[in-house]
Amino acid sequence: MDVAAVARQTAEAIERLDPGIEAFVAEPDRRGRLAREAGELDARSGDRSPGSPVRPSLHGVPVGVKDIVRVDGLDTRAGSALPPEALAGRQAALVDRLRSCCLTQCGIRSRGLVLSDPRRRRESTRSVGD
C-alpha cells in the first residue's frame, strides 16, 4: 500500500465531502500533517515491499477518532462548547495504541468513529449513528 497516496486521497476526500457533512473538526494543514505522518509511518516500517507479512495488516489505513478522545496536536472539545484547554491533557492510550499499530490519524470526528478500508472505498453523506 502506498501510504502517502492513501493520506493524499483521504485529505482530498475530507476537503471535498466534509463541508456538507461536517463530520471532521476543522484542522489547519490537515493535508500536510497526513503527508508527514505517512512518511513517518513508512520510515518506522523500514524498507519492506507492500504486502510484506512483517507489516501490520492495517498498515496505513486512515482512522478517525471521535472528539471525546484526546489526540495530541488536535483540539478536544467532547462535542461541547467548552474551550479545548478545559479538556487538555495526555493523549489517550487508545490513540497511542492505534498509532503503534501503524494507523494514520485522519482527524477527529465530531460524530461517530470510522475506520476506513481503502480497498472498500465509497463516498457517503452519512455519519455513523445517523
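**Close-up views of the predicted model**

**Ala 4 in helix α1.** Ala 4 has its place in helix α1, where helices (H or I, at least four residues) and strands (E, at least two) are DSSP runs numbered from the N terminus. With a relative accessibility of 38%, Ala 4 counts as partly exposed, the class between buried (under 20% relative accessible area) and exposed (over 50%), taken with a 1.4 Å probe and protein chains only. Although 31 residues separate Ala 4 from Ala 35 in sequence, their C-alpha atoms are 6.1 Å apart in space. The model is predicted, so local features need pLDDT of at least 70 and side-chain atom pairs count only at pLDDT 80 or more, whereas totals for chains, interfaces and linings use all residues. Residues are numbered from 1 along each chain as its sequence is written, and side-chain values use heavy atoms, with hydrogens and water left out.

**The whole protein, as a setting for the close-ups.** The protein has three helices and three strands, and their order along the sequence is α-α-β-α-β-β. Among its 130 residues, 39% count as buried. Of the contacts (heavy atoms within 4.5 Å) in the protein with a separation of 6 or more, 66% are made by residues 24 or more positions apart. The exposed surface comes to about 7800 Å², of which carbon and sulfur atoms supply 55%; areas of this kind come from the Shrake-Rupley method with a 1.4 Å probe, and for residues only the protein chains shown count as cover.

**The pairing of helices α1 and α2.** Two packed helices are described by the angle between their axes and the distance between the axes. Here the axes of α1 (residues 3–21) and α2 (residues 30–45) come within 8 Å and cross at roughly 160 degrees; axes are lines fitted to C-alpha atoms, for helices over the stretch in contact, with angles from 0 to 180 degrees between N-to-C directions. This crossing makes α1 roughly antiparallel to α2, since angles over 145 degrees count as roughly antiparallel, those under 35 as roughly parallel, those from 65 to 115 as roughly perpendicular and the rest as oblique. The residues that make the contact include Val 3, Ala 4, Ala 7 and Ile 14 of α1, and Leu 34, Ala 35, Ala 38 and Leu 41 of α2. By class, the contact of α1 with α2 has nine nonpolar, one polar and six charged residues, where Ala, Val, Leu, Ile, Met, Phe, Trp, Tyr, Cys and Pro count as nonpolar, Asp, Glu, Lys and Arg as charged, and the others, Gly among them, as polar.

**Glu 22 and Asp 29 in the loop between α1 and α2.** Most residues other than glycine have a negative phi, and most peptide bonds are trans. Glu 22, in this loop, has a positive phi near 55 degrees and is not a glycine. Asp 29, placed in the loop between α1 and α2, has a positive phi of about 55 degrees although it is not a glycine either. Glu 22 is exposed, with a relative accessible area of 59%, while Asp 29 is partly exposed at 49%.

**Asp 67 and Leu 87 beside Arg 77.** Asp 67 is found in the loop between β1 (62–66) and α3 (93–100), and Leu 87 lies in the loop between β1 and α3. Asp 67 counts as buried at 5% relative accessibility, whereas Leu 87 counts as partly exposed at 28%. Asp 67 is ten residues from Arg 77 in sequence and 6.3 Å from it in space, C-alpha to C-alpha. Leu 87 is ten residues from Arg 77 in sequence, with a C-alpha to C-alpha separation of 6.7 Å. Leaving aside residues up to four places away in sequence, Leu 87 touches Arg 70, Thr 76, Arg 77, Ala 78 and Leu 82.

**Asp 72 and its contacts.** Asp 72 is found in the loop between β1 and α3 and, at 41% relative accessibility, counts as partly exposed. Its C-alpha atom is separated by 8.7 Å from that of Gly 89, which is 17 residues away along the chain. When residues up to four places away in sequence are not counted, Asp 72 touches Gly 89, Arg 90, Gln 91 and Arg 99.
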